[in-house]
Structures are given as C-alpha cells and as structure tokens.
Amino acid sequence: MKFPRPKRKIVTEAAQSLTFTRRAMVVGGLQVGIGALLAGRMAWISVVQHEKYSMLAESNRVNLTLIPPRRGWIIDRNGRPLANNRTDFRVDLIPQRMTDADGTVRHLAELLSLPPDEVDRIRDELDKSAGFRPVQVADKLTYDQYAAVSVRLPDLPGVAPSQGFSRYYPAGASVGHLLGYVGSASAKDYEERRDPLLITPGFKVGKDGLEKSFDQRLTGKPGAKRVEVTARGKIVQELTTRSDTPGNTIQLTIDAGLQDYAGRRLATQSGSVVVIDCHNGDVLAMASMPSFDPNSFSDGISHLEWEMLSKDDHVPLRNKTLQGLYPPGSTVKPMVALALLEGGFSPEDTVNCAGALRVGNTLFHCHSRRGHGGVNMKRAIAQSCDIYFYVMAQRLGMDRIAAMARRVGMGQKFPLPFPSQSYGTVPDPDWKLKKYGKEWQIYDTVNATIGQGYMLINPLQMAVMASRLATGRELMPNFILGERHPDAQPIPGVSDAHLATIRDAMNAVVNGGGTGGAARSSIPGVMIAGKTGTAQVRRITMAERAGGVRGNAGLPFKLRDHALFQGFAPFDNPRYAVACIIEHGGHLNRNEDAPMIASDTLSYLFDPKKAMEKLETLEKGWGGPPAERQARQMAAFRLAKAIEKGEVVPQPASNAADNGADNAAEPTRPAPPPPAPEDTGDVPPPPGSNAAAP
Amino acid sequence: MSIIPQPLTQFPWRVLALLAAIAGFGTIVLYSAAGGSITPWAINQSVRFCVFVVMALVLSRIPIELFARFAFPAYGGLLAALVLVELIGGVAGGSQRWINLGFMQLQPSEFMKPVIVLAVARFYARLPVGEIRGWNAIWPALVLIGAPWALVLVQPDLGTATMIAAGGVTVMFLAGLPLRIFIGSGLTLAAVVPIAFSFLHDYQQKRVLIFLDPESDPLGAGYHISQSKIAIGSGGIFGKGFLKGTQSHLDYLPEGHTDFVFATMAEEWGLVGGVLLIGAFLLLFRWGIRVSLRAPDKFTRLVAAGLTTTIFFYVAINLMMVMGLAPVVGIPLPFMSYGGSSMLTVMLCVGIIMAIDREARRRSRSIGNWS
C-alpha cells in the first residue's frame, strides 16, 4: 500500500471506494494470516509438544495410591509369633455416594450392633467430611459381620466394606512394654521424612519399644494402585495394581512362653521380671506388669482406657524393666562381697552384729533388731546382715566397691534396641563432689553398701548383675537372636575361688536357711541361688523406731518397701539368671513376693507344665489371667466414671506425671536425683493424638 | 434464465450450510462435553441455533436503509443502558453487566459489539467525501467508540471493551482515514500499555501476568490456560477420539463447554479438527469480505466488512486465549461455545451481512436489467 501524501491528495468518491477495496483486502489478508498463525500455534502444541502434554494429561488422569505394606513379624526364639498381622475386615462410608445418610447409618448400626457413642462419632465425622474422604464405620469386624454388610451393598449406596491388615499381638499385655505398639504417623514424622506412605490411610509406624527401634526393618515396600480420578478426586476406575512387599521378620531372643508366664506370674503386683541366658546374654523374658494391651493401643485407645491406665498407681504405662529405677537394697551385697574378696579380705573374717552401729552421730540399724551375733561373709549374705557390710565396707572404701559395681553392670548403659533406658547411679566420692559439690561421708558408704542412698538400678541391670555373678564373665544383654557378639570376657579382679564363695553364699540365701527360702526350687536337681533385697522408700525416724517400726501392711501403697530378688539356677552350673523387682511389694504376700516369682519363672524353663499348673492354681485366687482382670477393672472404672459423670473434671495428663514422679521419689535420700529425662518420653501420647491422625 | 425459481437461487444456501456445519460440529462437541448426553447443552444449543437462523433470515429481508436510519438511535439507547447498568451495579454493590427486563436479562455491552460498527459506519457514510482527511473525520468517531469502551471497561470487562474498540477502529481504517494515524497511534499505544497496565484491577493484572507465564501458578489463576494447553497438546494430530477426552470428561479442563470449548474439541478431534474449524471460519470471513466488496454504497460496505471483522475478533481472541497467546478474558467461540447471548450477537451480524448481500444482488440485477 502506498503511503498517502495528505496535502496534495484530492479525495473523490471513486478514490475512496478504491481505498476501501484495498483496505478490505488487507483486513481479509490479516484474517487469513492470523488464522494461519493460530493453526500453526495449534500444530506446535499438538504435534511438537504432544509428548509433554500427553504426559501431563496422563498424570492428571491417573492417581497413584499407595497400598500400605504388611509389617514384618516379630517372632520369638522358637519361631512363635509375638507380633503378626491379622486380616482386618472393615467398613467405611463414602459420603458423596450416599443417598440417604441417616437411614444408611441406622441400618449399619443395626447390622453391626454399634454402640450409640460410635453412631454419634460416625454422624459427627460425616458432617465434617468433605468430598471423597472415607469415614470409618467400624474395623476388626468378624467375617460374618463383613459378609452381612457385603450382601446388602445394593441397598446401601456409599458403604464400602474392605479388607486390610492390622497389627496383632497374640500375647497381649505381657509383651506391651517389650514390643511397644504401632500407630498412625504423627504430623511431625511426616515433616521430617516427607514420605507419602506416612499419610496413607491404614499405614502404621512403630511408636514405642522394639516396634519403634526396628521400624525401618519391619516396614516393607508399599504396593501401588493406579486409579483414574476426576479433578475433584472421585475414583472412576482402577487401572493396575502392584502388591506390597512385606517387611522383614525379626527374631528375638525372647521365649514367648516364658515372657507370657513371667507377665502372668507377676500377679496383681506392680513389678518386673527379667531372665537372661547365662551362656550368651540372650534376654529370654523381660516383663513389666501391669501393662497396657498393645492391641488396643494400635487401633487407637479409647479415652476411658487411657484415663484408667494413667490413673493406676501400678503405673501400667511405664516400662519398669528399663525405665524403673530402684534402690537395689541388699541385692548388692554379693557384689560388695566380691569387692571385699578382691580387696584381700578373707571370707572368714568375722564381724559382731549387735543390731545397730554408730557411724558419726547417726545410729545405723540392722534389719534384725536383736542382731546376728558373730557373722562371716557367707552368713552375712545368707542372713543379709547389714552390720557386717557397714563395717567391712568402711575398711575397704567406697571407690573399690563402686569399681566392682560398675564391672557387674550397675550404672552401665547397654546398647539396646529400645528408644529409651534409664541406667541408674553408682555413687562414689568423685560423683558426689561433681553432682552436689559435697564431700563424701562415711554414712554415704554405709548407705551404698546396703543398696540405699544414691544407688539406683533398673531390673535389666539387676538381671545382668545376676548373670555376671553367676558366670564371672561380662555378659551383655542381647535381644536379637543370632546377632554376632564378641565373647564375654572374665570380670577383672574376680577369681574362680571368689565366685565359688559368692555362689555358695547365695545358695545359702535360698537353700541354707537364709532370707530367700521362698525362692527354693520345686524342680528336683535344680538348686536356685539368689539374693533378696528390700528397698526403703521412706525415712524411718528415731521416734518411730523407738515406738516400733510400722509394718508395711499398715502403710499406704506408695510408702511400702520395694521387694527385690536376683538369682540364678542351677547354682552349681548357672544356666539362667533372673531379676525380679516388686514395686512397693513390702513382702506382704509370700506368693506374690519377688523370691517366689523369680523362682517360679525359672522353674518354667526346666518344667513348663508343672510351672503352668502352679500358676493356674494361683491365678484362681487373683481373679483369673491379666486380660480378664483388666477387663473387670475397665468395667468397674467405666461404671465409676458413669456415676460421677458431670461432677468431676478428670485430668489424665497430670495424673500420669504424678505417677512418674512418685515412682522415682526417694524420701530416704537427702537430695533425690532428678527423675530420668526419659520419664516423660515413655508415656505414650494421649488418645486424642492417636484418634486425630487420619 | 434459470429454471429454479428466483427466491430459491437468492436464498443464501451456501453460507447457511457453512453455519450449520460449524454449529453442528459445536453441538457434537457439546454432546461429548456433557459426557455423551444431549442434555443439558447440545439440545439447547441446537434449538437456539435454529431459532437464531430464522431470526437472521428475517433480518436479511429488512431493507438496508432501516439499519442505516436506526444506527444512531440504537447506539444511543445502548449507551444509556450501559450507564444504567453502571448505576444499578453501583447501587447493588459489585459489578453488574445486565439489566433485568423481567422476561430476559439484557446485556447491553454484548449488543454494542455490532452496533458500534453500524454507528461508526453511519458516521463515515454521512461524512462528506472531502472531509475524510481532516480532523473532523477523527474525533467524532473516537467519541463514538470511546464512550461505550470506557463504560464497558469499568464494568470491568476487558474482553468486550477490547472488541468494541477493535470493531470501531476497524471501520475507521476501512473508511479510508490516513494510514499514518494508525501507525502513529499504534506506536503511542505500545508506549502507553505499561502505564495502562497499572490501572487494571488486581485480578486483571494477575491474569495478564499469568498469561505471560502460566506455569508460574498452575493450580491457581494459570490453571485455565495450563489445562487448556494440556487438552490441546495431548490431542495430537488426530485426537483421542470422540467421547474419549480425559481432560474434559474428568473435569480437569474448566469451562470446557463455554470459553474453552475449543480445547474440548481439540482433545478429541486433534489438529485435524482444529484446522478444519479454523478453515470453516475463514470461509465465513471470506464470504463477509466479498459481500462488502460488492456492497452498493459506503455504509453497507463498511458495515459488511466491520461486522465480519467483529465475528473474526470473537474467533481470534478466543482461540488465542485457549492456546495461551492471550490472557483469559472471557470471549466465547461463535457457534461452538454454549451460551445464548454471544450466538444472538453473532447471528445479528450474520443477518445484517445477509441483508446487505441481498441488497447488493437486487441492485446489480436492476442495473443488469437496465443495460
């Protein structure tokens, strides 16, 4: 087009018409040009970039859903399952597909006989649920219930019965603290690992105990399901499915039968039993009772059950075997005797026990008020004479006793597959100066030699001590069967002659008219050797002593003495070592006292049938096996709650803390050591956090 | 003389067949977009098309002088309606684009698209020939265009405002205004755009920015363009097949039956379907331009070419938007997008062009009779 020259140009009708024609052609040309441009652009997108956009369309269309992997089993040394997976039948509701929500829920409640509070929960969640997120109606259904819902599906739009796997612990409460439990991953877990598996419904992670420590080995590889979904997340059809790879099996050194026996044998007491194989340090049983049922924890524990457990003064939520710290009491005496022998004292050195000994300006008493008369080492251990050890320990000095204590495992932190352990204290002058800035006093030595004062031990350490006294070797506790360990070395400074003396004395405790007669073995040919202990948890004042020490039966539970026993069998060729601590047991009941519990537990290893018969007879007197008793306790608690409902505001959290603090408190000590930092860590999270996780 | 009766030969068969083909294709796409169902969109759209075809044929019988006479009154009425809409919107709070007449909702900005062409054409038709290079040829047209443009822009409806301005300016160009004016103002516009940008609403600015880089916000405001490109790109050359589009059927493509109907079509019919559709529209524009070239006078020439360009702007802006070459401004694709008002406007344009076509044939015949 020519550039018009405005000034000269004379515009006529004909010229204007020509201009129009030219310009209309330009407009038409532009239209064709833009049309071609658009076609070219479209070709660019749909031909050149076709692959890129095809992939994007496909990733829009196809949604990958993870199938949670089945968790690896935990089996005992004989291959019996301690934790496995149970086929789980469950029913969910998909809100968007429901036509008559009210009627469907009513129908389901009838079919599955759901309790009214569950129906309320379902209605609640249905109101809150948006889109296609399913609402759980019920899980752990029987096959019959599952089938009953499945056949009625045509009448129940939006109801989705399904089959999955849930963790199952056949032994229930007796493995609670050993294995821990599983639960939905917390928001924190997800923030740390960013693994989409963690937020997959139905996926559980180990929350405590071995389940937590071996979580990675137990977790398998997830399967995947490709489904076609709409933009709003509605599933149109399933495309392909890849099945999951289950996690690895873990074989423990635990003997399932023994573990269960030990848990049941602890009766109604708050206590713990640990059994160690003297050949290699394998832990055969590690029971802490009462306990929670890991099955109910793994499906999300109810508020009520949590409240009951945390209010119980027998602290079922604490793993006493690793986190319970107790003054070892007289159970340290064989160890002190070993130190004396190492220090060159003769076992025949005699001390006269008159029932009390003045140290400085304090009068220290023997448990026998009349005194034992002249005692040598064997008699001092057998009769648990305090005066002998008061005197001899002062001659030897605390440093050498503390050194021996550490060599037999006291105060030692073992490399264990548990998230937390408290490892107690072996006090010595350096430790006290560092900790409290005060000089070590004679009375500190006197206190320590009878396992009081600053000295603290956990039940596992006590079992290790028993096994080391039995074998003279530095055995290490061990939970994984077949794991390679360096051979245990002999304890330095301990000769076979020393060991023979100690074993002989410990045999006398049980079989020679000593304090542990209750632990006498019922198995012919198997002699149990051991040492009893009593740990005071309160100071006995001069005034009280003058008026007569109050018996344990008259004291409130929290002030009663702890009862302890450590030992091994057979005494002449030790095969198994045992430790038992009964919290606030107070030696009130011979059947439920530490020596007999330890002895019966050992007897199970030699004659399970006979041991079981005795236990079943005893259990009748206690009101049946633990599960039965716990169910009864739960029912009573529920009833009590129902009665007081609306009048009392329950505060489960503060109660749990109280229990923990009480347990660690030691009124006899001038300044009790602070509770172990793990104390709060071992308490499982409140039920709210479990239920809230999707 | 042909043996076929004159009214039949005069009847615009060819253009009607073209329109029916495009609209029929649109109906098929709407049938697929509804998941293989003639309800709710396909049936409505085809009935509407039939009604509007009849309306266009009636329009084509109206003497062309009537359009010329009513160009300014119609323009004035619509301008008043636009002001009224603005007032009602101000009272009701928020933006409102229509007046409720009781039996229907009138959207004056929609009708302004063809009427601005008529008004500006009318102005230039009445302008003495010698004035065309003077200042008097420019400012009245600018006022005619500027007033509705500003009113629609503040609604705010950037897409319609752009179309009104483009339609009016096209007529100015066709009327023979000096070319330097267009080149000069084009350059000025390029300089002014960044300043104008700062006056846009936040959401409009955002749309423009996201248009420039849709992947920056694929789940937010860029979602439309991203999903549309995915639909077109994944269709490939021959498409995924009828009723097999995943983007539209699984609801990933938003507005898949209205503004983004082209993406729905391209996913299932591929590049082939797209090129055929663009070709069909080009045939329609070719018919419009050819009508304007044989039109008997200045007014009809300008109107025929101007209205053709208006339809062209619908198509071009919509396709550019769908393919990620323009921001999302809400301009539907004629005959394809589901919706009544845009089809009414486009059929008005077609009807008027047909009337001009008829007039041109009548005059050329009478001239032929003379000679």
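Mentor: A nonpolar core is a set of buried Ala, Val, Leu, Ile, Met, Phe, Trp, Tyr and Cys residues joined through C-beta atoms within 7 Å. Buried means that 20 or more other C-beta atoms lie within 10 Å of a residue's own (12 or fewer is exposed, in between is partly exposed), with C-beta atoms placed from the backbone. The model is predicted, so local features need pLDDT of at least 70 and side-chain atom pairs count only at pLDDT 80 or more, while totals for chains, interfaces and linings use all residues. Residues are numbered from 1 along each chain as its sequence is written, and chains are lettered from A and ligands numbered from 1 in the order in which they are written.

Trainee: Which residues have the most contacts inside the largest nonpolar core?

Mentor: They are A:Val273, A:Val275, A:Ala463 and A:Val578, in a core of 121 residues. This core takes at least three residues from each of domain 1 (64–251) and domain 2 (256–639) of chain A, with bounds from an automatic or database domain assignment. A separate core of 118 residues includes B:Ile22 and B:Leu348.

Trainee: What is A:Ala463 in contact with, leaving aside neighbours within four places in sequence?

Mentor: Contact means C-beta atoms, placed from the backbone, within 7 Å. By that test A:Ala463 touches A:Val274, A:Val275, A:Ile276, A:Ala577, A:Val578 and A:Ala579.

Trainee: Why are strands E12 and E17 of chain A said to stand at the edges?

Mentor: Strands (E, at least two residues) and helices (H or I, at least four) are DSSP runs, numbered from the N terminus. Two strands pair if DSSP finds at least two bridges between them. The open sheet runs E12-E11-E19-E18-E17 in chain A, with antiparallel pairing. E12 (283–289) and E17 (529–535) each have a single partner strand, so one side of each lacks a neighbour in the sheet.

Trainee: How do you know that E17(A) and E18(A) pair?

Mentor: DSSP must find at least two bridges, and E17(A) and E18 (562–569) share 7, in the antiparallel sense. There, A:Ala529 stands opposite A:Phe568.

Trainee: What makes the angle of helix H10 in chain A about 30°?

Mentor: Axes are lines fitted to C-alpha atoms, for helices over the stretch in contact, and angles run from 0 to 180 degrees between N-to-C directions. H10 (residues 256–265) lies across E11 (271–277) and E12 of chain A, and the angle is the one to E12(A).

Trainee: How many residues of chain B are there, and what share is buried?

Mentor: Of its 371 residues, 49% are buried. Chain B has 14 helices and 2 strands.

Note on methods: Contact = placed C-beta atoms within 7 Å.
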